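Hi everyone, thanks for making time this morning. Please have a look at the model on the screen, and then I'll walk you through a few spots.

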Protein chains: 2
Amino acid sequence: MGRKSTTRRIGIADVALKAGVSHATVSRVMNGNFTVDPAIAERVREAAAELNYQPNPVGRSLALGKTDTIGIVVPDLANPTFQAILRGLSMAAAQDGYRVLIADSSEVSSEEAILAGEARRRCDGLVLCAPRMGDAELEELAPSLHPMVLINRSTTEIRVPSLMVDYGQGIQELAEHLVELGHSRIVFLSGPERSASNALRVQGLEKFKAGHPDVEVQLIDGGSNFDTGHDAVDAVLASGGTGILAFNDLVAMGLLSGLHERGVRVPEDISVTGFDDIPFARYTTPPLTTAAVPITELGGQAWHSLRALIRNEDTPNAVNTFRPQVEVRGSTGPSKNR
Amino acid sequence: MGRKSTTRRIGIADVALKAGVSHATVSRVMNGNFTVDPAIAERVREAAAELNYQPNPVGRSLALGKTDTIGIVVPDLANPTFQAILRGLSMAAAQDGYRVLIADSSEVSSEEAILAGEARRRCDGLVLCAPRMGDAELEELAPSLHPMVLINRSTTEIRVPSLMVDYGQGIQELAEHLVELGHSRIVFLSGPERSASNALRVQGLEKFKAGHPDVEVQLIDGGSNFDTGHDAVDAVLASGGTGILAFNDLVAMGLLSGLHERGVRVPEDISVTGFDDIPFARYTTPPLTTAAVPITELGGQAWHSLRALIRNEDTPNAVNTFRPQVEVRGSTGPSKNR
DNA sequence: CTGAAAGCGCTAACAA
DNA sequence: TTGTTAGCGCTTTCAG
């Protein structure tokens, strides 16, 4: 049992021995307990310093029943959106002395439950990011994962707060923007089928259509990355649309690049919008009109919600919705057919 | 002591009780020890399943002296390079059942040692990514962090393998590429001062200069992000250079954007190169000529080196150097003054 | 093949 | 104020 003895690590017992006190006293000193005689405390600190003692967090975790670590499960770490959430989460958690453990499900929805469970057991709480699993599974899983916060999904389980981005609202506003520019043939380059955020966009567009019977709205199947946009050029041109709503900024960038290769001018011939406002969006040529989502802040907010849960504070709002904000840049312009 | 009792978690004891056996037997069954009577094993498994028992990893870690977790310390999680390393590391480690714990030093070099120490204690090993700390500090710290692998830095400590990217080589080749296109006035838009990888680029340029006394090479102070490039437009134009080597792709993209705003054509008026070949590089307008670094693979390699260390296998190569590969795209072209 | 018991490193109740 | 002791949940030796 115990560790394979290479260079035995210094433990609390070594310090106790060296300082001529008990483990308990060393523990008290290390935790800043003031009921220790200053002289003894000093002796302990000296011993600890000489031995370069650092408490073992695993032992501490076992005794305390907490790890000061939270987990995050993402579908794909290559996705800038999840990277930004991770960053916001990690920064905010670090402020409170918590670390973040990553689990990437590689878009394999069947892996999510297992990964989430494993991560949860190692951590004090969990952030489940845009899970791809079905509603029923999510519903069933949620209680066992508590404390947990959801991003871009929701449950009926009251103890699980959700942070949602109102993609429907955002896409509607982008569509309105195109209409104001005189576009009457709009194309939505949709995202991954399993993506809940794509469903929200589609819903938003339905609402939009209801309010604009005169505007033609087409839908082209797609995905969530550069290639999706790049490969969709032909379909887009064939559609005859002049205002293109890309699923996100990546898709929009791919499309921009493809259109450029074809000699199609943006925004003179075709207007293109993205979604998310990733840092790169303002540096494309032309700069991308998009709907800005404060993703990093969302990550920070996720930590604050989770922290409240962990501390057993007042239950946070069940659902916290972030509204995207349209950023008009150079990739959209007046329709030629106005 | 112990956890604050909310909904007591199921432990090995509960399973033992339910199956009418001892803890030890349950442990054996859970670990696939075949010295257990099949009938009893089955009874244990049933009990475990009914109780939905999952072993507590913290207890396990304490007993085993290992956490199945590795840590990574990065200077800035917003940097695409470190994101890619993290991703490669995380994917590779997951293959072997290891999880990754993140620590972001926010470019504060004084925090690195503390973060690294803390992370190391919670984990079985550490990846230290492009640390900003001084050589002396790194040298002193290294032994206490073992097993550890370094990225883009090295130590004399033999047990610490390094994965390095040959930035000097890469920048030299990019400069050669510009010369071949007829450029004789080259400008290097340099990176952060503390960055070791910037120093390597500068060294590479020194070598280049030695081989090309006829070529003028200027150096402009900069940084590592979009804004650096965007804000450098005036200085670049004032320099009279026609071939611009940007510190990395981000800087190059910012510069591209700034030049576009000024109406300067790329590559007709000025050629621009990046470095790293981040995914966005091929989708800029024009697509960016750059030196490709297999960053995600580097992350994977980091895990393999670390794994060897953890398993106490043969000592991996002290230094493993990755050579960037020039990707010629549309942002570089013949000099007007050829 | 199984159970009792020790031990991983730490915290905290309890006694002194 | 300090030490003794139990216990966090697990693995593993050692008897039986």
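For us, buried means under 20% relative accessible area, exposed means over 50%, and partly exposed is in between, using a 1.4 Å probe and protein chains only.

Before I go on, a word on the ground rules. This is a predicted model, in which local features need pLDDT of at least 70 and side-chain atom pairs count only at pLDDT 80 or more, while totals for chains, interfaces and linings use all residues. Residues are numbered from 1 along each chain as its sequence is written, chains are lettered from A and ligands numbered from 1 in the order in which they are written, and side-chain values use heavy atoms, with hydrogens and water left out.

Back to B:Asp276, which is in the loop between E9 and E10 of chain B. Its phi is positive, about 115°, although it is not a glycine. Most residues other than glycine have a negative phi, and most peptide bonds are trans. Helices here are DSSP runs of H or I with at least four residues, strands are E runs with at least two, and both are numbered from the N terminus.

That loop of chain B also holds B:Pro286. A cis peptide bond joins B:Thr285 and B:Pro286, with omega about -10°. In chain A, a cis bond links A:Thr285 and A:Pro286, again with omega about -10°, and A:Pro286 sits in the loop between strands E9 (271-273) and E10 (290-292) of chain A.

Another positive phi, about 55°, belongs to A:Asn52, in the loop between helices H3 (38-51) and H4 (57-64) of chain A. A:Asn52 has 53% relative accessibility, so it counts as exposed.

Now to strand E2 of chain A, residues 99-104. Six of its six residues are buried, so the strand is largely enclosed by the rest of the structure. On one side are A:Arg99, A:Leu101 and A:Ala103, and on the other A:Val100, A:Ile102 and A:Asp104. E2(A) runs parallel to strand E1 (residues 69-74) of chain A, joined by six bridges; two strands pair if DSSP finds at least two bridges between them.

Next, the open sheet of chain A: four strands in the order E7-E6-E8-E9, with parallel pairing. E7 (216-220) and E9 stand at the edges with a single partner strand each, so one side of each has no neighbour in the sheet. Between E6 (residues 185-189) and E7 of chain A there are five bridges, and A:Ile186 has A:Val217 as its bridge partner. Helix H9 (residues 196-211) of chain A lies across E6, E7 and E8, at about 165° to E6(A).

Finally, over to chain B, where the axes of H8 (residues 167-180) and H9 (residues 196-211) come within 7 Å and cross at roughly 45°. Axes are lines fitted to C-alpha atoms, for helices over the stretch in contact (heavy atoms within 4.5 Å), and angles run from 0 to 180 degrees between N-to-C directions. H8(B) and H9(B) are therefore oblique to each other: under 35 degrees is roughly parallel, over 145 roughly antiparallel, 65 to 115 roughly perpendicular, and the rest oblique. Among the contact residues are B:Ile171 and B:Ala175 of H8(B) and B:Leu200 and B:Phe208 of H9(B).
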